[in-house]
Amino acid sequence: MVKADAYGCGLAAVAPALARAGCRTVFVAHLSEGIAARKLLPEAAIYVLNGLPPGAGAAFAGHALRPVLGDREELAEWAAVSDGRLPAALHVDTGMNRLGLSVAQALELAGDPVIGQAGIDLVMSHLVSAECPADPINVRQAADFARLRAAFPSARASLANSSGTWLAGDTRYDLLRPGYALFGGNPEPGRPNPMRPVVRLEATILQIRHVEAGETCGYNARWTAPGPRRLATLSLGYADGYPRAASGRGRALVGGVPCPILGLISMDLIILDVTDAPAARRGGTATLIGDRLDIDTVGQTAGTIGYEILTGLGSRYVRNYVE
Ligand SMILES: *Cc1c(COP(=O)(O)O)cnc(C)c1O
């Protein structure tokens, strides 16, 4: 799964790395992402999850992209372009009520010539709560998908996202669609992460300052020094995708020491309390993601999920890729 600029990690670097690792099929959300992926992956099968916009058939065909078709109109429109020669996927909605044919509609269409004319070579659905293994909806969706799979025997089948890959039971089929786990997120919340971290985020310390008891910092003076404190101002803010909701709650590591984020996070700056971090100095760095600060923790601290932290990583960073 390489939608959203490969989860914020940078498609241009990620796509060739995945190809070198043996990945032959990728998924994106939009036609524009598919076109960008095609330039990087001349050989890959590229499926576009958000389907076929009206009139976009020629663009899909021209870039050899495979739309993920989710209603009868889309199927008919693609069938006219494909005539059985250009492949596509069929999206069946087993519980999200978001995109895709209903299970009943899909079963009804199984023997219809339009399926062959639309070149359906993959049947897929998406799990509602795969990260909650005890949720009974997993079992219901798996059962519905097993029936679908049987009704489309010549197509490959795909059900599991990252968390679905770790679920007990029959969810794995022919093709997995991992995104978050691929980029280091924990597919099993509350359990040790079986994946290694991918992203590390560091920011430069611009200044070291000293404040006395009673002084405040940042917009609206949300933090008041309880005593003399040493502060570091970082060259990073919410415009870089570091969530403002982590104001007064988040932490960064300086020389391995956890340092609290003070007051409100600004657009371009964050203030840290580095009183206990003697390594803090102008020109040094603070780690916002990495070491003990994994993306799941950062997301939780900001009242969101690690997915949003990853995909929100801004465009002002210098990105260094390590193979
Ligand atoms: C984004 C997405 C995935 C990947 O989900 P992760 O939880 O990131 O692994 C898989 N399938 C569909 C349909 C998606 O939209």
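**Entry 1: burial and overall size**

I looked up burial first: of the 323 residues of the protein, 47% count as buried. Buried means under 20% relative accessible area, exposed means over 50%, and partly exposed is in between, with a 1.4 Å probe and protein chains only. The model is a predicted one, in which local features need pLDDT of at least 70 and side-chain atom pairs count only at pLDDT 80 or more, while totals for chains, interfaces and linings use all residues. Residues are numbered from 1 along each chain as its sequence is written, and side-chain values use heavy atoms, with hydrogens and water left out.

I then looked up the extent of the C-alpha trace, which spans about 75 × 40 × 35 Å along the principal axes. I found 11 helices and 15 strands in the protein. Helices (H or I, at least four residues) and strands (E, at least two) are DSSP runs, numbered from the N terminus.

**Entry 2: the ligand**

Which residues come nearest to the ligand? I noted Lys3, Tyr7, Ser162, Tyr180 and Tyr307, out of 14 residues around the ligand. A residue is near a molecule or strand if one of its heavy atoms lies within 4 Å of it. I sorted the shell by type and got 7 nonpolar, 4 polar and 3 charged residues. For this sorting, Ala, Val, Leu, Ile, Met, Phe, Trp, Tyr, Cys and Pro count as nonpolar, Asp, Glu, Lys and Arg as charged, and the others, Gly among them, as polar.

I looked up polar contacts next. A polar contact is a pair of N or O atoms within 3.5 Å; within protein, one must be able to donate a hydrogen and the other to accept it, and residues adjacent in sequence count only if both atoms are side-chain atoms. From Ser162, a polar side-chain atom lies 2.5 Å from an oxygen atom of the ligand. Gly179 takes part through its backbone, with an N or O atom 2.8 Å from a ligand oxygen. In Asn161, an N or O atom of the side chain is 3.2 Å from an oxygen atom of the ligand. The ligand taken alone exposes 390 Å², and the protein buries 92% of that. Accessible areas come from the Shrake-Rupley method with a 1.4 Å probe; for residues, only the protein chains shown count as cover.

I looked up phi for Asp5 and found it near 50°, a positive value in a residue other than glycine. Asp5 is in helix H1, residues 3–7, and counts as partly exposed at 41% relative accessibility.

Ala64 also has phi near 50°, again positive in a residue other than glycine. I placed Ala64 in the loop between helix H4 (57–62) and strand E3 (66–69). With a relative accessible area of 44%, Ala64 is partly exposed.

Is Ser163 buried or exposed? Ser163 is found in helix H9, and I noted it as buried because its relative accessible area is 5%.

Thr171 is in the loop between H9 and E8. I noted Thr171 as buried, with a relative accessible area of 3%. The side chain of Thr171 reaches the backbone oxygen of Gly164 at 2.9 Å.

Val198 is in the loop between helix H9 (162–166) and strand E8 (201–211). Val198 counts as partly exposed because its relative accessibility is 46%. I looked up its distance to Glu74, 124 residues away along the chain, and the C-alpha atoms are separated by 37 Å.

Where is Thr275 found? I placed Thr275 in the loop between strand E14 (270–273) and strand E15 (285–289). Thr275 is partly exposed, at 35% relative accessibility. Thr275 and Pro260 are 15 residues apart along the chain, and their C-alpha atoms are separated by 9.9 Å.

Gly312 is in helix H11, residues 306–312. At 32% relative accessibility, I counted Gly312 as partly exposed. The C-alpha atoms of Gly312 and Pro243 are separated by 8.7 Å, and these residues are 69 apart along the chain.
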